[in-house]
Every structure is written in structure tokens, then in C-alpha cells.
Amino acid sequence: LLRSNTAKEKTKPTKSKSISKAKYKTAQGALAKTFRGKKHLEKREPQIHESTKLALILKGRQSSHTVNDVLTELAILKKPHIHKLQRKNDIVPFDSTMGQSGLLESLCRKSDCALFALG
């Protein structure tokens, strides 16, 4: 009894892979793989009643007295909704070659501020 080699080989059934393994869908249509991910996405979605935007006010590395006065006046106008850093910061906000734009973004994210003023 001779059997052909093709008969010995068993073919494995192929499983069709879905494009996304997302199980949870938020109200805005974003997909999440886990329930915890869904809660995180819902937290970042636009809310019906959003809180007021906080401002981060900080001095640059070479700020003049006039600019410091303007920042102080701005802080007085927006008094309860600010975070003011007291010391000079060596930050160049929109220069990607210095690598400092990520520092400003992380400062804003850490203090939960949507606005910033750099003098």
C-alpha cells in the first residue's frame, strides 16, 4: 500500500484574523480593546459640561521686567484658574531642534493646563 505524500500532510484550517480586536465602543465611536481602555477614552472625550481651562504662566530664560509685569497682570486677571511657575525656565517653545517643546507639553499635561503663557 503506497500512500502519496500529499495525503499524509494535514492542512491546518486558517483562522480569519479580524482587523481590530476591539471589544468596547465608546459613544463617539472610538474603539478600545479593554474595559479600562474604554473608560480612559470616555474620560478624554468632549464632555457636556467642561471645566474652565487652566493657564500655565512661566518665565523664559531672558524675560524683561515689562514682560514679567504683563505675565503678572495676566495672572491677576485669570486668578483662580492659573498655575504660575516662579523660577526662570530654559524653554524654547516652538523650536523642535532644541528638544524642549516636549518639556513644555509635559509641564502643561502634568498641571492639567490647556493654555500657557511664556515670557
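1. A quick definition before the pocket: on a 1 Å grid over the protein atoms alone, a pocket is an open set of points where a 1.4 Å probe fits, with protein on both sides within 12 Å along at least five of seven lines, and lining residues have an atom within 4 Å of a point. Its volume is the space filled by probe spheres set on the points.

2. Bear in mind that this is a predicted model, where local features need pLDDT of at least 70 and side-chain atom pairs pLDDT 80 or more, while totals for chains, interfaces and linings use all residues. Numbering starts from 1 along each chain, and side-chain values use heavy atoms, leaving out hydrogens and water.

3. The largest pocket holds about 760 Å³ of space. Its lining has 18 residues, with Lys43, Ser51, Asp112, Cys113 and Ala114 nearest the centre. By type, the lining splits into 8 charged (Asp, Glu, Lys, Arg), 6 nonpolar (Ala, Val, Leu, Ile, Met, Phe, Trp, Tyr, Cys, Pro) and 4 polar (the others, Gly among them).

4. On the fold, I read α-β-β-α-β-α-β-α-β along the sequence, with helices (H or I, at least four residues) and strands (E, at least two) taken as DSSP runs. Helix 2 (35-44) and helix 4 each give the pocket lining at least two residues.

5. Cys108 is worth a look: leaving aside residues up to four places away in sequence, Cys108 touches Leu56, Cys113 and Phe116 (contact means heavy atoms within 4.5 Å).
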